[in-house]
Structures are given as structure tokens and as C-alpha cells.
Number of protein chains: 2
Amino acid sequence: MSENIHISNLLKKLEEKDLDGMLLANFNNIYYLSGYLSTSFAFLILKENPIIYVSGLDFELASKTSSIPIKKFESFEELVKDLKEENIKKLAIEGDLSVNHYLKFKDFELEVSNIVDIERMIKSDIEIAKMTKAVDIAHKSLIELDVRSKQEQGWEEWACAYELGRIMRANGGEIESFDTIFASGSDTSLPHSVPRHHILETPVLVDYGCKYHGYCSDTTRTFIFTEKQEEISNIVLEAHDKAIAGIKSGMKGCEVDKIARDIITEYGYGDNYIHSTGHSLGLDIHESPSASTKDKTILEDNMIITIEPGIYLEGEFGVRIEDMVLIDKKAKVIGNLPAIL
Amino acid sequence: MSENIHISNLLKKLEEKDLDGMLLANFNNIYYLSGYLSTSFAFLILKENPIIYVSGLDFELASKTSSIPIKKFESFEELVKDLKEENIKKLAIEGDLSVNHYLKFKDFELEVSNIVDIERMIKSDIEIAKMTKAVDIAHKSLIELDVRSKQEQGWEEWACAYELGRIMRANGGEIESFDTIFASGSDTSLPHSVPRHHILETPVLVDYGCKYHGYCSDTTRTFIFTEKQEEISNIVLEAHDKAIAGIKSGMKGCEVDKIARDIITEYGYGDNYIHSTGHSLGLDIHESPSASTKDKTILEDNMIITIEPGIYLEGEFGVRIEDMVLIDKKAKVIGNLPAIL
């Protein structure tokens, strides 16, 4: 396993913190370290000789894909016994481990650790290439869908969302990186609206992405139709552009949020900006750090983060514009889809 | 809230166990009790006057859909302070609560409780009607897809899975109840295969379902093409039919598993039956109890459970046949899709 740089980095960090090993149950963390993506459950024990306990259901898949040795999971008793035999006492765990699993390991000294999240924050060239490809597929597919013509033809929200998914797959995407938001009319004021069996009204807000080799894209465009919508859209676009222009590596996530939020607040819509300015992404659609009011994490080169300001007028409409940026001293927008379509 | 029978049942159980309240974070548990389905995060505090702390992102949605009063979530500190002011000391929690959240409530005496899972085991007439409708939509849609003609026309796995999803939505389904498994050729030996950009080989295994009003269906059919496949399929079908015929309310889940497993083992394929015989479902695709080797839960009237034996020959092919049954003294199959298509 010595060739896996992430594993050696993590083992070093565990040693520094005087931890004997780490228990990983998060599917994407296990995929990140081994290349095996669980379909049921799995436990990776990160130690000098890492091992993954896999369910019988996944044994064939894991044996074909994992770069880390695997063993069939029989019971928690056996897993705990194995760990004790290796003299493991202090065990790091993930923050999203379920309490049910947490309690199975109470014989150990457990410590929540975000070292894997931190390792995943900085993207490698290969990861950046996969995410760039995911963005390219997604952008190309939105153009192909031609939202304005679908609106003219009277398509329903769900059918548009679904057709966009088909086009992304046909263009080489694996799956949506999250359930597509294809909202129209007053439903655009719900940031996480679910596509309805409802003919497209205006404006139309599309927040969507696809995965490529497991890596996510995330883009939002709002198709506007009236002067009032244009007025709001211009404010959102200004916040979007200035936040992106203002990013420098070494800044804190909250400072990026502040740029966008201050602009929207100056125009009097601060209370209508009801979410954070952005979030990192990679194998997961939401990763650390975020560009939120509270996140003091320093933005570093080779992080990829969304910038997605929005203004939501309850009962009327909402506008959001979102792009992904790669931090490389400054912020470079990934892809070249026009902000206004 | 007195009209919500589930809430009064749960409050009674909390009182019996001398618990002052319960913290719920699971989206479907919160939906079950309030009608509000979170899109980000939410915390329901189950007590005499229940309340849901919702994210700002969901405030409009929650105010439109929740039958339980809502409050905007500001911070864990504030939530903990509110609970302390109400003199809550012993707090029940869900087993799938994340450790990160668990640790925010460490000032309380916490106890993992499955009372909501147990409440959800017995389906009401309305829930049964919704699940029956979900099955009807799914079955009708598989017939409409016409898998054998797609195989003859040389469609790819992903395109078939996707077209099935489109037909289910057009027929009134909301979304897949889980990622559709549309496997062909030797990939059918992977119980959780992911649809590929790969022209359909034979046999073809389809494990799929849709949601209707939030409630899941789950069905598997294997389209067979050779004598060897037919031989294996007949064994699986015998296990499927006899397990269903053998179910009586009052039996344990493990006894149902044993019926199917014994038949497959008698034919010499015990080691090729690498998963459980079935699982309950409802708002979630996997609920309690299961028909597994270890589950001693008594099956009761108005539970809905899958029966899905399978035989997997690594590198060759796999066969699985799955139906949902409603327990009503005996097991009644939901829907009337032929087992062999």
C-alpha cells in the first residue's frame, strides 16, 4: 500500500495524534482510499496494513475493485476481536458514523477526526480533470436541452429534469450528482424545490450536475423573462462575479461569503439570501470547506468550491447563479457556460 | 397535535421508559410525523408540544407542509438551551443519528431508541394503498418497457434503466425508490450491479421500484434465455413461492428466511445465496423487520415485506425474483405481475 500517498499521509497524521488506527464507514471515504465503492456496508480499518471488511453481497465487486485487501464481514464481535488482537486501543472515527455503529466500538477510546475530509479538500490533477469533465458534460447537456424552447413547448418540470438526465448520460455522465432541481414560477423561491408534474412557468431555475468517474459537477442557471426578474438577476450576477473576482488563496471561506452577502444586502435583499455562498465538492456534492458566514477555513490552491448567490422572494420567484471555481492563487471558473442563458 | 395517533403512541412509549423526549433527525421519521420532508437538515423534538427546528433554506417549505409547529434553527447551543429550559434530561435518539450530532447533545442522558422504527413497521390502510399504487405503477411500467424487445434492439443497460424511470414518472411515480439495477450477462451475478454503457447481454436482471406519495415499491424480475438459466430460475421461483406460501403472521423473520434458504441449499446452491430473503419497506426502501437469518422479530398483520431469493454464479450469471407481500394472517402478494416474463 506504500504507493498510496493518501494512506501514508493519513497514517502519519494518526501517529502524530497518537491514534492506533481509524475506522471508516463512509462509502466515498473508502472509495477514495481503495477504489471500491460499497453498495451495502463496509468498514475500512486504516492502520499499517489496512483492511476492508465487506458485506457478502459486495464480495465479488470488492475483490475486483479494491486496492486494499478485503475480508468478509461476519459480525461486529469478530471485527472488534480482530482490532483488539492487533492491540488497537485509540481509534479515530468519522463524524458521520451512525450512533448504532459508534456504540459497537465502545470498548475502544474513540475520537472523531476529520483527517480524511481534510485530505480530500485538496484535489489532485486527476481529480481536477474528472471534475472539469463532469462540468463539461453538464454544461453541454444544458445547452442541448434548450430550456427556453422546452418552456415554449409547454414541457413539465419533471420531464425537463428527466430529459436533462438522459442527455447527461448520453454525453458520458454516470448519474446526477444530486436530484436535479428544475423549478419554475413561484416555486423558484424554494432553494431545494422538487420538480413537479406541472407545465413550466417563468422564470425557470435549473440547479443540477452529473458525476464523472464518481466526481460531481454543480451548476445553476435561472432563465429570466421579465424586467423585475432581470433586475434581481443583475444583483445576483454582480454578487456572483465579484465574489469570484475577490477570491485569493489564503482567504477564509467566510470572507468569500461576505463579499456576495454584502452586495445583496446593499441592494436591500439581505434577508432574501437564505443560504451560504458556496460549498466545496468532489466525490460528495457537499464537502469542506464552505463559503458560509461561519466557516473560517483558509482557502488553498487546488480546492474546488461553488459560488452560488441567490435572492428568494417568497410567493414571487427566486434567482440563483452558480458556478464551480478552482482555486489557483485566484479563482478560475470551470467551464464557459454563459451566466445568463 | 392530539389528532396525530403516531405522536400520542410515541409519547406514551417515552413516558413508559421514563424518557423526557426524543430528538429526531431522520428525514423520513420527521416526514412520517409531520408531513414535512426536509431537503437539508431538521431536528424534531418529540415532547408534549412537539416542535421542528428547520434550516432557513427549508423555512417556506416547512411552513407550508408541517403539521407540527416549526422554528428556525439558529445553533445547537440555542437548541440545547431550549431543551434544558423545558427541563428535559433524558432524551431518546435514533440509531442512525451521526456522531457529530450525538456529541452536540452530550449534556443530556441519551438513549438510542427504535420506537419510531417500530411505530412505522405496521402500515395503516392509507400507507398500504400508497404502496399498492407504487407497485401498480412499477409493474405497469416494466410491461410497457418490454425488456425482451429492448434486448433484441440492442439497447444499453443504462438507457433501459433510464427509460424505465421515465415511464414510471409518466405513469405517476415520483422518483425511483432506489437506483435501478438493470444488469445483463455475467453482471447479473452482482446483486447490486450498476447499469453500464453496455449493450444488453443475457440474462437480464431488473431490480427496481418507484415512490408514490413518498412510499416505495420494490420488484425484481430476471429475463432468462437458456436452459441452464431456466433450471436456476426454477429453483429460485420455488424458494420464492414456498416462502410466500409459508408465511403466517406470528412467525419470525428468520423462519421465513429459512424456508427459502433451505430450498436453495437442498439444490446445492446454499453458498450462492449471498443475501437475506427479504426486508420490510415503506417510506424507506429498507425498514424493519427483515427476513434474514438473524432477525427474530415476529411478523404481524399489516407489515409489508419483500421476498427476494436469488442464486449468484460468479462469472456466469445470477437470478433473483422479488415481490412485495402484505401480511394479513397469510402473505398476500401485492400486484399481479407474472414471476417469469
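Predicted model: local features only at pLDDT ≥ 70, side-chain atom pairs only at ≥ 80, totals over all residues.
**Exercise 1.** Does A:E60 count as buried or exposed, and at what relative accessibility?

*Solution.* Begin with the scale, on which buried means under 20% relative accessible area, exposed over 50%, and partly exposed in between (1.4 Å probe, protein chains only). At 11% relative accessibility, A:E60 counts as buried. Next take its partner: A:E60 forms a salt bridge with A:K64, with the closest N and O atoms 3.0 Å apart, where a salt bridge is a side-chain nitrogen of Lys or Arg within 4 Å of a carboxyl oxygen of Asp or Glu. A:K64, at 56% relative accessibility, counts as exposed.

Residues are numbered from 1 along each chain as its sequence is written, chains are lettered from A and ligands numbered from 1 in the order in which they are written, and side-chain values use heavy atoms, with hydrogens and water left out.

**Exercise 2.** Find the residue with which A:K84 forms a salt bridge, and state which parts the pair ties together.

*Solution.* The partner of A:K84 is A:D107, and the closest N and O atoms of this salt bridge are 2.7 Å apart. Because A:K84 lies in helix α4 (residues 76-85) of chain A and A:D107 in the loop between α5 (99-104) and β6 (109-112) of chain A, the pair ties together parts that are 23 residues apart in sequence. As for accessibility, A:K84 counts as partly exposed at 43%, whereas A:D107 counts as exposed at 54%.

**Exercise 3.** Describe how chain B is related to chain A, and what lies between them.

*Solution.* First, a rotation of 180 degrees with 0.0 Å of shift along its axis superposes chain B on chain A (RMSD 0.0 Å), by least squares on the C-alpha atoms of residues with pLDDT of at least 70 in both. The two copies are therefore related as by a two-fold rotation axis.

Second, the contact, meaning heavy atoms within 4.5 Å, takes 39 residues from chain B and 39 residues from chain A.

Third, the area buried between the chains, which is the accessible area (1.4 Å probe) lost on putting them together, summed over both, is about 3,000 Å², and carbon and sulfur atoms give 63% of it. Across this interface the rule finds zero salt bridges.

Technical notes: Buried area = accessible area lost by both parts, 1.4 Å probe. Helix = DSSP H or I, 4+ residues; strand = E, 2+ residues; numbered from the N terminus.
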